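Please keep the model open while reading.

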Amino acid sequence: MVARPPVRLVIEPMAILDLSAVHDIERRSFNTPWPPHAYRTEIETNRLATYLVVRVDDEVVGYAGMWLMVDEAHITTFAVDPVWRRQRIGERLLLALLDLALARQAREATLEVRLSNLPARRLYEKYGFRPVGLRPSYYSDNGEDALIMTTDHLEGGRMRGRLDALRQALDASPAPEHPSRGADA
């Protein structure tokens, strides 16, 4: 077995040049992807919006978006390329969104998630989100309800302690491994 160098993971603002890769991940992640123009419009005209991408080396492998409305950070979208999942990339991306929310003085973070999306719900719960309500028939593809989740006060001691502990665990975890560069590649 040949030792492989670790991949370089970077989280940075989404740019227009990222939209093709974002759309590709979107189509492979969701039954009803956002229309092709939606991210461009969000980036160019929505002053409440911030969108991030995760790059491994030069490849976009995930993205997320958030609107900051008064003192609430609302996560609007979140996806990791299916071939890159289960490598804690989503955790790093979610932590980056929460750090951004804190830097912009958001009091709490909220999101909606499909009731059936247990992996996503577990991730959000791990990072301090808790169920607070339902949006009936929220998803247009099948009428599934959305679970509304929110955090405790982001500046609160309990939430800060949770995020600090999770950040330390992430920092101590191995770097993601390129799916095509596994032990047998």
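Contact here means heavy atoms within 4.5 Å. By that rule, and not counting residues up to four places away in sequence, T150 touches E108, A109, T110, G128, F129, R130 and V132. The model is predicted: local features need pLDDT of at least 70, side-chain atom pairs count only at pLDDT 80 or more, and totals for chains, interfaces and linings use all residues. Residues are numbered from 1 along each chain as its sequence is written, and side-chain values use heavy atoms, with hydrogens and water left out.

T150 sits in strand β7 (residues 146-150). Helices (H or I, at least four residues) and strands (E, at least two) are DSSP runs, numbered from the N terminus. T150 counts as buried, at 6% relative accessibility. Buried means under 20% relative accessible area, exposed means over 50%, and partly exposed lies in between (1.4 Å probe, protein chains only). A polar atom of the T150 side chain lies 3.0 Å from the backbone oxygen of A109.

R104 belongs to the loop between α3 (89-103) and β5 (108-114). At 38% relative accessibility, R104 is partly exposed. R104 touches T50 and L68, again not counting residues up to four places away in sequence. R104 and D71 are 33 residues apart along the chain, with 8.5 Å between their C-alpha atoms.

**Ring pairs**

How many aromatic pairs does the structure hold? There are seven aromatic pairs. Rings of Phe, Tyr and Trp (its six-membered ring) pair if their centres lie within 6.5 Å; planes under 30 degrees apart count as stacked, over 60 as edge-to-face and the rest as tilted. Two of the pairs are tabulated here.

| Pair | Centre to centre | Angle between planes | Class |
|---|---|---|---|
| W34 and Y51 | 6.4 Å | 75° | edge-to-face |
| F78 and Y124 | 6.0 Å | 80° | edge-to-face |

The W34 and Y51 pair links distant parts of the chain, 17 residues apart. W34 is in the loop between α1 (19-29) and α2 (36-45), while Y51 is in strand β2 (residues 49-56). W34 is partly exposed at 27% relative accessibility, whereas Y51 is buried at 5%.

The rings of F78 and Y124 meet edge-to-face. F78 lies in strand β4 (residues 72-80) and Y124 in helix α4 (residues 118-126), so this pair ties together parts 46 residues apart in sequence. F78 is buried, with a relative accessible area of 14%. Y124 is buried too, at 7% relative accessibility.

Ring pairs also link W34, Y39, Y51 and Y63 into a cluster.

**A charge over a ring**

The charged end of R114 sits over the ring of Y139, 4.1 Å from its centre. The criterion is NZ of Lys or CZ of Arg within 6 Å of the ring centre and within 35 degrees of the ring normal.

**Helix α5**

Helix α5 (residues 157-172) has 16 residues, and its end C-alpha atoms are 22 Å apart. The expected span is 1.5 Å times one less than the number of residues.

Which residues of α5 are buried? They are M159, L163, L166 and L170. They cover an arc of only 65° around the axis, which puts them on the same side of α5. The arc is that of the directions from the helix axis to the C-beta atoms. An α-helix has 3.6 residues a turn, so residues three or four places apart point the same way.

What covers the buried residues of α5 includes α3 and α4. On the face turned away from the buried side, α5 carries the exposed residues G157, R158, Q168, D171 and A172.

Terms used. A polar contact is a pair of N or O atoms within 3.5 Å; within protein, one must be able to donate a hydrogen and the other to accept it, and residues adjacent in sequence count only if both atoms are side-chain atoms.
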